[in-house]
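Here is a short report for a reader who is meeting this structure for the first time. Please look over the sequence and the model before reading on.

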Amino acid sequence: MAKLTIDPKVALKQELNVELLKQLQVLQVHPITQKYWALGGASGWLGTNTTTILTCPDEVGKYQHYVNGSIYYHPSIGAHEVHGLIRARWSSMGWERSLLGYPLTDESACPDGIGRYNHFQGGSIYWSPSSGAWEVHGAIRGKYSSLGWERSFLRYPLTNENTCPDGVGRYNHFQGGSIYWSPSTGAHEVHGAIRSHWASLGWERSNLGYPTSDELVVFGGAARISHFQHGSIYWSPTAGVRVLKERVRVHVKILETPTSFTINEQLAAMQEVYAVAGVRVDCASTENLNLPALKDVDVGGCIMGSVTSEQVSLFSNRNFVGTNDIVVYYVRSTVPGYNGCAAHPSGRPGCVVVRSASRWTLGHEFGHVLGIHHVSDNNRLMTGLGTFNITNPPPDLISSEITKMRNSSLTTPL
C-alpha cells in the first residue's frame, strides 16, 4: 500500500488558514470588514476607507465608505458593496431609508454583457453606458423581470418609477418602451407605434385610459394590438395605427377544418379590415361539432329572413354564445354551392363558411350579419363578384358601411 505524503508547505498553509479563521472568530471581525478583505482590501478597487464602520441612520444596519464606493450591512441579508453611478442613484433616493432599502447583491454585470445592476430589498437599480442609472421596483419591476430584464425589447430603464400626471398610476420609461401601472389595471408594457400613438393622444389621460394588456400578436399574424381601459390600439404594416372603440365577439364552430386558409388567417384578415372601421374582432370560443349530416348544409336561396330546416338545426348550436355574439360554422360545402352564407335564423346571428373559402370570406359574411350589402367593386370587402377576386388586399370599407357596422346591435362599445 502506497504511503500518502503531504507537502510541508501545503500543510503549513492549511494550518495558518485555520489559525487565521480562529483569530477572526475570536476577534469577531465585522462582516463589512470581511467583505472588504474579500474584495482586496486597501489594494482592491474600493481603495482605502474614508470612514469608520458607522451605524446607519435607520439604526438597523452598518456602513463604511471608501474612496471608490461603500459597503452596507444588514443583519438579515449580510454585507454588500455599492459604487459608481448606481451608488449615486441610491444616495439621491435616501440610501437605506429609501424605498429600495439595503442592497441584496454587490454590483454585478448584466447578462447582456453591457450594463450593471444592484438588487435591493425593495427593487433594483440598472445602469448602462447609454442610459445611466435608474431604479425600478414593485409591480413594474415584476413586469420588467417577466419580460427578460435588459435582454427584453425594453432594454434599460430611462427613468425612475414616477407618478403619472393623472395622479393615479405609475410608470417607468425604458429604451424600448414603457411600463404603466394603475391600481385597477396592474402593470403592462406598451411600445413601438402603438405607444407612440397612445402618447400622441395624451397617455393615460386620453380617452383610452391605462393599458390592460401587453402588446399582443393578432391571431398569429403580422398585426399587433394593445388593449386599454376604454378601447384598443391596433397596428399592422398595411393598415397602420387604428384606435378601436367597438368590438364584435365571434364564436367559431367547426364541422370541417378550413383547407385554403387557417381560421386564424381568416380572423386576422377580418380584423385587418374591421380595424379601419374602429371595430375590434374578439374570438370568444372555438368548438368542434360532430354533425355529419350538416357538413353539406342546405342554405336554400341564401336570403336574409328565409332559412331552411338545416340552417335552423345548425344555428341552434350556440354553446358558450351570448345573445349579441355572432357565430361562424365551418362546413364542407353549402347547397347550392357558395363560399359562405350569412342568412341566419332570427335571434341566432351568424354565418356559414365553407372550408375552401378565401381569406376574406369570413369578414365579408359577417359584414352581411352587421347589415351591409353586396357591391359590384372588387376593391371592396363587400364585393358580390367573389372574394377570391379582391384586387387590393386588404379590401376597402366605405364610410356608409362603417357607420352601418358600428351602429349594429351586434357591435358593442369597449
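Predicted model: local features only at pLDDT ≥ 70, side-chain atom pairs only at ≥ 80, totals over all residues.

## An exposed phenylalanine

F320 is exposed, because its relative accessible area is 63%, and an area over 50% counts as exposed. This residue sits in the loop between α7 (309-315) and β20, and although F320 is not a glycine, its phi is positive, at about 70 degrees.

## The chain as a whole

The protein chain has 9 helices and 24 strands, and its C-alpha trace spans about 100 × 70 × 35 Å along the principal axes. The radius of gyration of the protein chain is 32 Å, whereas a compact globule of 414 residues would have one near 22 Å.

Of the 414 residues in the protein chain, 49% are buried, and the accessible surface comes to about 19,100 Å², with 52% of that surface belonging to carbon and sulfur atoms. Among the contacts between residues at least 6 apart in sequence, 51% join residues that are at least 24 apart.

The largest pocket has a volume of about 410 Å³. It is lined by 23 residues, of which C302, H364, E365, H368 and H374 are the closest to its centre. By residue type, the lining of the largest pocket divides into 9 nonpolar, 13 polar and 1 charged.

How many of the residues of α8 are buried? In this mostly covered helix, 9 of its 9 residues are buried, H364, E365 and H368 among them. The buried residues of α8 pack against β17 (246-254), α6, β20 (326-331), β22 and β23 (350-354), and just after α8 comes G371, which takes a positive phi of about 110 degrees.

## The second largest pocket

The second largest pocket has a volume of about 260 Å³, and of the 19 residues that line it, A222, A268, A269, E272 and R359 are the closest to its centre. At least two lining residues are supplied by each of β15 (231-236) and α6 (263-276), with α6 giving the largest share, 5 residues. The lining of the second largest pocket is made up of 10 nonpolar, 6 polar and 3 charged residues.

## Backbone details in the loops

Most residues other than glycine have a negative phi, and most peptide bonds are trans. Besides F320, whose phi is positive, W149 has a positive phi, near 55 degrees, and W149 is found in the loop between α4 (138-147) and β9 (162-163).

Which peptide bond that ends at P336 is cis? It is the bond from V335 to P336, with omega near -5 degrees, and P336 lies in the loop between β21 (333-335) and β22. The peptide bond from P393 to P394 is also cis, with omega near -5 degrees, and P394 is located in the loop between α8 and α9 (399-406).

## A partly exposed serine

S196 belongs to helix α5 (residues 192-201), and this serine is partly exposed because its relative accessible area is 48%, which falls between the limits of 20% and 50%. Although S196 and L267 are 71 residues apart along the chain, a separation of 26 Å lies between their C-alpha atoms.

Notes
Residues numbered from 1 in each chain as written. Heavy atoms only, no water. 1 Å grid on protein atoms, 1.4 Å probe; cavity = no way out; pocket = protein on both sides within 12 Å on 5 of 7 lines; lining within 4 Å. Points joined across faces, edges and corners; volume = space filled by probe spheres on them. Nonpolar A, V, L, I, M, F, W, Y, C, P; charged D, E, K, R; others polar. Helix = DSSP H or I, 4+ residues; strand = E, 2+ residues; numbered from the N terminus. Rg over C-alpha atoms; globule rule 2.2 N^0.38 Å. Buried < 20%, exposed > 50% of the residue type's maximum accessible area, 1.4 Å probe, protein only. Contact = heavy atoms within 4.5 Å. Areas by Shrake-Rupley, 256 points an atom, 1.4 Å probe, with all protein chains shown as cover.
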